[in-house]
Amino acid sequence: MLRPLSLALQEARDTRQEGRLEQAAYEHLGNMAKVARGALAAKLDQEQAALGLVRERLAAEVLLLEDVDLKKLERHRKLLESSMQRQLDLLGQVLARVSSTTLQAQAEARELRVKLRLVR
């Protein structure tokens, strides 16, 4: 897969003059790098496809729990879901009270400032 790139690199080293590459060697090296990149991309796609099959098999094995375990997991999921919903509802109530209290507190503070000004 990377052999053509390695050969092109060695050829470029052998044919360079005064530390500089010839134009043809430079172009050939670039072309071989593109070929290597394409081969690596194809290999990556191939490995991803194989990995996808392994992932599917693993997911199927994980889902094949015993019925007792599945029922227990489902019961705990429902308990957790209902608990989270109650907590969210309580949080909403707290937020509503805080926002209304803040408005009332601002109104009361304004009234107190007016009264204090009148006392002076």
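Helices (H or I, at least four residues) and strands (E, at least two) are DSSP runs, numbered from the N terminus. By that rule, this predicted model has three helices and zero strands. The order from the N terminus is α-α-α. The model counts local features only at pLDDT of at least 70 and side-chain atom pairs only at pLDDT 80 or more, while totals for chains, interfaces and linings use all residues. Residues are numbered from 1 along each chain as its sequence is written, and side-chain values use heavy atoms, with hydrogens and water left out.

**Confidence**

- The mean pLDDT (the predictor's confidence in each residue, from 0 to 100) is 81 for the protein.
- A score of at least 70 is reached by 87% of the residues.
- Helix H2 has the highest confidence, at a mean of 85.
- Helix H3 has the lowest, at 79.

**Surface and burial**

- The accessible surface totals about 11000 Å² (Shrake-Rupley method, 1.4 Å probe; for residues, only the protein chains shown count as cover).
- Carbon and sulfur atoms account for 59% of that surface.
- The protein has 120 residues, and 5% of them count as buried.
- Buried means under 20% relative accessible area, exposed means over 50%, and partly exposed lies in between (1.4 Å probe, protein chains only).

**Salt bridges**

- Side chains of opposite charge can pair when their charged atoms come close.
- The structure holds three salt bridges, each defined as a side-chain nitrogen of Lys or Arg within 4 Å of a carboxyl oxygen of Asp or Glu.
- In one of them, Lys43 pairs with Glu47 at 3.1 Å, N to O.
- Both Lys43 and Glu47 belong to helix H2 and sit four residues apart, about one turn of the helix.
- Lys43 is partly exposed, at a relative accessible area of 34%.
- Glu47 is also partly exposed, at 42%.
- In another bridge, the closest N and O atoms of Arg77 and Glu74 are 2.5 Å apart.
- Arg77 and Glu74 are separated by about one helical turn because they lie three residues apart in helix H3 (residues 67–119).
- Arg77 counts as partly exposed because its relative accessibility is 39%.
- Glu74 has 34% relative accessibility, so it counts as partly exposed.
- Arg77 also bridges to Glu81, with 3.0 Å between the closest N and O atoms.
- Glu81 and Arg77 share helix H3, four residues apart, about one turn of the helix.
- Through shared partners, salt bridges join Glu74, Arg77 and Glu81 into one network.

**Nonpolar patch and the N-terminal segment**

- Met1, Leu2 and Leu40 make a nonpolar surface patch of about 290 Å².
- Patches take residues with over 30% relative accessible area and no salt bridge; like charges are joined within 9 Å, nonpolar side chains (Val, Leu, Ile, Met, Phe, Trp, Tyr) within 5 Å.
- Leu40 lies in helix H2 (residues 23–63).
- Leu40 has 43% relative accessibility, so it counts as partly exposed.
- Leu2 sits in the segment before helix H1 (3–15).
- Leu2 is partly exposed, with a relative accessible area of 46%.
- Beyond its neighbours within four places in sequence, Leu2 is in contact (heavy atoms within 4.5 Å) with Ala36 and Leu40.
- Leu2 and Ala33 are 31 residues apart in sequence, yet their C-alpha atoms are 8.6 Å apart in space.
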